[in-house]
Protein chains: 2
Amino acid sequence: MDELKEKTAASRYVYHGKILKLREDQAQMPDGKIYDREVVEHPGGVGIALEDEDGKFFFVTQWRYAQKTVTLEYPAGKREPGEDDLHTAQREIIEETGYEGTDWKYLGLIYPTPAYDTETIGMYYAKKGKFIGQNLDEDEAINLSKLSLDEITDKIVKGEVHDSKTIAMTFLVKEKKEKGIL
Amino acid sequence: MDELKEKTAASRYVYHGKILKLREDQAQMPDGKIYDREVVEHPGGVGIALEDEDGKFFFVTQWRYAQKTVTLEYPAGKREPGEDDLHTAQREIIEETGYEGTDWKYLGLIYPTPAYDTETIGMYYAKKGKFIGQNLDEDEAINLSKLSLDEITDKIVKGEVHDSKTIAMTFLVKEKKEKGIL
């Protein structure tokens, strides 16, 4: 790892937004040469694969502004400052589906776009618990649906699913179920 | 889709970098309300699952500056202006592995982080062709390795792989091979 490590030779913020920050850094390569690196800072978040008693998972269809289209995704949300991922997941699953999760299992952590963005997404599996009621953010409009693992796999293979965490989570749920660790 | 669509009510660039741009937009929700949206513009790129004659795939280990760590990923690279994804993939696979690809197949398109970033990644499968020789960008240092589908799956399930496109591509290659469409 040391022979690949880039050190930070200089760093300055060029943008402070409500959600994003942007830095212009200078990275020193292992051979000593200096190159510019633009880095987006994002608080990151979580995704939740919530399974009901019939083996169906909850999905959210929502407008994704940057991509100018709707996407089909597992319920997900951003970390609040100081919040650990499991707590974010337990909060978001109620906000988006109305249901509590039980039997929480950690699926893993992804870097959606590791070269220039600090975002990480903690991925969880849970079983459907008590109904509490949805509580969406005021700038959030979503449609809920339910699909089996085979149905979401089919949509991914057909090219109907583009959200990276949703594909990663489906793979992890499938593999861990097949190996008996979920 | 129309009942979820957000229109752009206002848009201005607040940052122009070498690779990234950043916009502050105002999005009009279906109910007419206006909310702020910060949008990163990125040229996007491709990832390539290159399989050799023994069923092993090429992988790249490299320092990912924003995540301050090394990652294990399929070979990948950014689009040049005006370049189509297949051409980017055919160029990048030689640059990173030294080998030409043959029998190119499209795997799909992902949005790594669809809420606030325009990046898309076109994913391809190819078989190993002629050796031409590596040609890395000057700010790029990578280690090459080869793994079977079972070996990369194992690493993903163990939580040793964090790059979202690498997990998505492994899933797509596996599923398409199982269905006989790859």
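Predicted model: local features only at pLDDT ≥ 70, side-chain atom pairs only at ≥ 80, totals over all residues.
View 1. Two copies of a chain are related by a rotation about an axis and a shift along it.

**View 2. The interface between chain A and chain B.** In this view, 58 residues of chain A are in contact with 58 residues of chain B. On the side of chain A that touches chain B, the elements giving two or more residues include strand 1 (7–16), strand 8 (99–110), helix 2 (149–157) and helix 3 (164–178) of chain A. Helix 3 of chain A gives the most, with eight residues. By class, this side of chain A has 30 nonpolar, 13 polar and 15 charged residues. Of the interface residues of chain A, 100% are also interface residues in chain B, so the copies meet through the same surface.

View 3. Within helix 2 (residues 149–157) of chain B, the residues Ile152(B), Thr153(B) and Ile156(B) are buried. They lie on the same side of helix 2 of chain B, because the arc they cover around the axis is only 105 degrees. An α-helix has 3.6 residues a turn, so residues three or four places apart point the same way. The buried residues of helix 2 of chain B pack against strand 5 (56–64), strand 10 (142–148) and helix 3 (164–178) of chain B, and also against helix 3 of chain A.

Technical notes: Residues numbered from 1 in each chain as written. Chains lettered and ligands numbered in written order. Contact = placed C-beta atoms within 7 Å. Helix = DSSP H or I, 4+ residues; strand = E, 2+ residues; numbered from the N terminus. Nonpolar A, V, L, I, M, F, W, Y, C, P; charged D, E, K, R; others polar. Buried ≥ 20, exposed ≤ 12 C-beta atoms within 10 Å, placed from the backbone. Arc of directions from axis to C-beta.
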